[in-house]
Amino acid sequence: METNSNDYKLRCELTGHEDDVRGICVCGNVGIATSSRDRTVRFWNLDGRKYEQSKILLGHTSFVGPLAWISPDEQYPEGRIVSGGMDTFVFVWDLRTGERVQTLKGHQQQVTGIALDSGDIVSSSVDCTLRRWRNGQVVEFWGAHNAAIQSVIKLPSGELVTGSSDATLKLWRGKSCLKTFSGHTDTVRSLSVMSDLGVLSASHDGSIRLWALSGQTLMEMVGHTSIVYSVDSHASGLIVSGSEDCSAKIWKDGICVQSIEHPGCVWDAKFLENGDIVTACSDGVLRVWTADQERIAEPQELESFASRLSQYKLKSKRVGGLKLEELPGMEALQIPGTSNGQTKVIREGDNGVAYSWNSKDYKWDKIGEVVDGPDDSRGKPVLDGAEYDFVFDVDIGDGEPIRKLPYNLSDDPYTTADNWLLKENLPLVYRQQVVDFILQNSGKTNFVVDPSFRDPYTGSSAYVPGGPSNVSAESHKPVFKHIPKKGALVFDVAQFDGILKKIVEFNNGLLADSDKKNYALPEIEVSRLGTLVKILKDTSHYHSTKFTDADVALLLNLLRSWPCELLFPVIDTLRMTVLHPDGAIMLLKLVDSDDILLELIQKVTTPPAIGANLLTSIRLIANLFKNSGYYDWLQKRRSEIIDAYSSCYSTANKAVQLSFSTLILNYAVLLIEKKDFDGQCQVLSAAIEIAEEESLEADSKFRALVAIGSLMIEGGDDMKRTALDFDVKSIARKASASKDAKIAEVGADIELLIKDR
């Protein structure tokens, strides 16, 4: 149908999700399915002009992304929904009952894309593979890219197309790659078929491209100021895209004809058959937009949305690189300045205004209104064709036009001030005030004086209040408070008397049970355990005390022979033994020849798992990171260990949560040292799942965030890119807004790291 692209307005809002809405699937004329960071899939039925929620599909254990709709058949008269999640699973749901009818397990990392192919399901993943599923079973899989695959679609001609973090698209017939499309400069995030023309791609480089199947770029659409997360097309020829820049843009013949602002990141955007547009936003709301005057929302609904959008923009507004809402109010001018020329930016209504302290008159002089500044999430500002770290738009008042003040962090602020004052024909007497303004509002605090500097106008050294007359601009390097993490964290506190008492208690219970008497220790071995615990208690003599082979063998024998419910005090004893230099060596000999530790992990994690066993065994493995002799074993068994404990972050036991987070953090440090990219990806995925868990206590979440930041800063550009593909930006933004100081600080570290990229 023909669609007027110039007047899309809100039709309705769909509320119900409790976190970011991540994905949209248009299910013919039946309804709309949506996925969310809240771990649910929801189905919405059409009800007049609006949609009503009719199903909530529960089962994923982490955020849900791609969706697909399988049309109705005799067995499933209302059709099925296919969903993929961060939890590595693909689920198939019966829309009539809301029940899960298939679980497709095979991917090692996040599922990013789903395509339907003649009854088969094809899924893509961050693990770089495509998998084809038939009747609930994988029938083939292959490595399709050398980096994470972000999207997969099926063409009308039958071929598959994939988009990847390697910045390419690939065209597939079966498992054979027919063509690689190159042109994007960053991750290809989303794909869509453009009828009779080719394939659309959306990229982290901020562009959208239309490709012929020959690999030729037919059109490039540039207009978004940040990552483009999604793209879709309509039979009318319109294209819609959703972006991190909080907008959905509508394109016609390569030109942006409308930009629809949102109160948050637009994760997905899809056309309905009638030309209406559905958008998924990070504020947890799904919105439908229409160009049909008869379907537009009621005036009060439009006003309500406009008000919320205005509030969001005000809250997000930055002046001079600072958040407007965080600036002090007019009352701050009641506090005298500390030095002549000191600058202060305060909030006046919806604007930020700069003031300078006048020591002579003992008052604050208004410098001007700072009406804009760079938005960290939208790239560097541009002035006269050049990019700058900051471009301050300054209103000096008295009817004068707004003046632009550009500045790069690597520039000498005195030179910048001199050039700007001359260019704007302003008195050089304001030089120090401009310098102070630049230093304060750019966050550059590590500025010292260069002895070789001479003022080009006076011949004197630069004046810096309270300091020597020398200036040197130190190159800007980000300073992080909590990352990267160096070294392993261990659990080195134990109640030895309580541990030994519990072992003796359990042993006496075995002796009293005629059916289990054979498992009990004889008195001499109980005595040996007492001696072993005595050695462990005496930490001041760890350098000189020794264990025998029989000491460690006794513990390992108990791990194998005792009933599972009795193991935790034995595991706890072994946890402390590996922190003893000689104990660690003795155990290492046995681990190399007989993998008792992996056997133990499998034993204690087999359902129904006992909390005390999980706690002590995770802490045991975490303590192995203290001794480099275990590094090879830990690296070799990494996947099995993390998979075995993968559900521990969501347990109600806070001690288990913290222990698992510590294990993940230790793995991050080790795998950075080993330069093990595949291992780092698995650890990153696990850390993100922890950081996403809303109910997690602060220390556990903090350690997961430190692991994420450490991997990003030390793992190289590929790891940083992978983290961004995992949507770490959203996680960091939420963390930095936390009321917990440590979480807010490490969130700010990660945001700074993303900005530095």
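Me: Is D365 buried, partly exposed or exposed in this model?
Reply: Happy to look, bearing in mind that the model is predicted. The relative accessible area of D365 is 24%. Buried would need under 20% and exposed over 50%, so D365 is partly exposed.

Me: Which residue forms a salt bridge with D365, and how far apart are the closest N and O atoms?
Reply: Side chains of opposite charge can pair when their charged atoms come close. Between K363 and D365, the closest N and O atoms are 2.4 Å apart.

Me: Where in the chain do the two partners E301 and R49 sit, and how many residues separate them?
Reply: Good one to inspect: E301 and R49 form a salt bridge with closest N and O atoms 3.0 Å apart. E301 belongs to helix α1 (residues 299-316), while R49 lies in the loop between β4 (40-47) and β5 (50-58). The pair thus links distant parts of the chain, and the separation is 252 residues.

Me: Why does R49 count as partly exposed?
Reply: The cut-off for buried is under 20% relative accessible area, and exposed means over 50%. R49 falls in between, because its relative accessibility is 21%.

Me: Which residues are linked with D117 in a network of salt bridges?
Reply: By the 4 Å rule, the model has 41 salt bridges. Some of these residues join into a network that includes D117.

Me: What is the strand content of residues 142-172, listed by UniProt under "repeat: WD"?
Reply: The listing comes from an unreviewed UniProt entry. In the model, the end C-alpha atoms of residues 142-172 lie 11 Å apart. The span is 0% helix, and its strand content is 58%.

Conventions. Residues are numbered from 1 along each chain as its sequence is written. This is a predicted model: local features need pLDDT of at least 70, side-chain atom pairs count only at pLDDT 80 or more; totals for chains, interfaces and linings use all residues. Side-chain values use heavy atoms; hydrogens and water are left out. UniProt positions are given in the numbering used here, feature names are shortened, and annotations may be inferred rather than shown by experiment. Helices (H or I, at least four residues) and strands (E, at least two) are DSSP runs, numbered from the N terminus. A salt bridge is a side-chain nitrogen of Lys or Arg within 4 Å of a carboxyl oxygen of Asp or Glu. Buried means under 20% relative accessible area, exposed over 50%, partly exposed in between (1.4 Å probe, protein chains only).
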